[in-house]
Structures are given as C-alpha cells and as structure tokens.
Amino acid sequence: ARDTIENSMDWEKIAQMCLGPKQAKKNAGKNLESFRNLLKDVVIRTAYTRLDKFWDGNTKYQFEPIEFKGNTARVPTKFFVKGEPFMLEYYLAKKGENWLIYDISYEEVRYSTNISQQIESFLREGDFTTLLSKLKKRRDDLIEATSKSKKT
C-alpha cells in the first residue's frame, strides 16, 4: 500500500507548490531536488505514523462526483472514522498517461497552502539552507522515533 500511495503522488509539483513560485524558481536545481526529497520523507513518515489509527477496520469512505477541468481533477471523498464524517479532497493532474495527486485538502484546508505559509514565514527570518537543515532534523527525528517504537 505504501508504494502505491508514494507512486500516486507528484512530488515535484507538491514541492513547487509548497515552496511557492518565487522560491521554487530561486532554488531550482539541486536545492529544489533536496527540498523535494526531504519534504517527501517527512510527509510520508508523518502520514504513516497515523495510518493505523485511520484505518482501524471501521473506516468507510464514499467518493463524491469528480470534477474535471482540463488535465486536472478534484476528487471529494467523505470518510467515516468511528462513525464521524469528514471530507478529504484529492487534487490530481494528468502527467503522461497517469493521474497523480498534487494536493490534498482536509475540511477545505489545502495541505500545500498550509505548508507554503509555514515555509514563507520561516524564510522571512531564515535562509533556504537552514530550511533544508530543519527538514533533515525533522526527518531524522521521525526515523529515530520509528526505530524506537519498533524496539518496544
């Protein structure tokens, strides 16, 4: 399941959206690639620590009508976890023959907007190299926490 999820994401577009057009252009090349890889690691490690709580055997979902606009689509999905409903919306873009997720919204709050605002705020006071260091630290902390939980 993990490979399927990871391969269904457009990590390049996600990184560019989270950075915003100005920072993505300014940090094109190796810096953007490093950011994308670190962001992917942090997002995946954060998301997977919550999957067991989300898919507890009682989770149900229902797709709402999909909205297409050119080569993009919005897929609203209603989930019921322990009977409590909430909405996730998946934003997809066609890349070659595949449809890839480039954003997700939880109860109308888009993930890319949330991250972008945090990064923009951080970069007002820090630089891109410090941002990469902070992401590396976060990734390493998540790796350590996972390794500790496996030992117990």
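This report describes the packing of helix H2 against helix H6 and the largest nonpolar core in a predicted model.

## Packing of H2 against H6

Helix H2, which spans residues 11–19, packs against helix H6, residues 111–125, with the two axes 7 Å apart and at an angle of about 50°. H2 is therefore oblique to H6.

On the H2 side, the residues that meet H6 are Met-17, Cys-18 and Leu-19. Their counterparts in H6 are Ser-112, Ile-115, Ser-116 and Ile-119. Classified by residue type, this contact of H2 with H6 comprises five nonpolar and two polar residues, and no charged ones.

## Ser-112

Ser-112 is located in helix H6. Its relative accessible area is 6%, under the 20% cut-off, and Ser-112 therefore counts as buried. Leaving out residues up to four places away in sequence, Ser-112 touches Met-17, Cys-18 and Asp-103.

## The largest nonpolar core

The largest nonpolar core contains 30 residues. Those that touch the most other members are Cys-18, Leu-19, Phe-35, Leu-39, Tyr-90, Ile-119 and Leu-131. Two or more residues come from each of H2, helix H4 (30–48), strand E3 (72–81), strand E4 (84–95), H6 and helix H7 (128–151). H4 gives the most to this core, namely seven residues.

In soluble globular proteins, nonpolar side chains tend to be buried together.

## Contacts of Leu-39

Leu-39 is among the core residues that touch the most other members. When neighbours within four places in sequence are set aside, the contacts of Leu-39 are Ile-14, Ala-15, Cys-18 and Ile-115.

Definitions and conventions
Residues are numbered from 1 along each chain as its sequence is written. This is a predicted model: local features need pLDDT of at least 70, side-chain atom pairs count only at pLDDT 80 or more; totals for chains, interfaces and linings use all residues. Side-chain values use heavy atoms; hydrogens and water are left out. Axes are lines fitted to C-alpha atoms, for helices over the stretch in contact, and angles run from 0 to 180 degrees between N-to-C directions. Helices (H or I, at least four residues) and strands (E, at least two) are DSSP runs, numbered from the N terminus. Angles under 35 degrees count as roughly parallel, over 145 as roughly antiparallel, 65 to 115 as roughly perpendicular and the rest as oblique. Contact means heavy atoms within 4.5 Å. Ala, Val, Leu, Ile, Met, Phe, Trp, Tyr, Cys and Pro count as nonpolar, Asp, Glu, Lys and Arg as charged, and the others, Gly among them, as polar. A nonpolar core is a set of buried Ala, Val, Leu, Ile, Met, Phe, Trp, Tyr and Cys residues joined through side-chain atoms within 4.5 Å. Buried means under 20% relative accessible area, exposed over 50%, partly exposed in between (1.4 Å probe, protein chains only).
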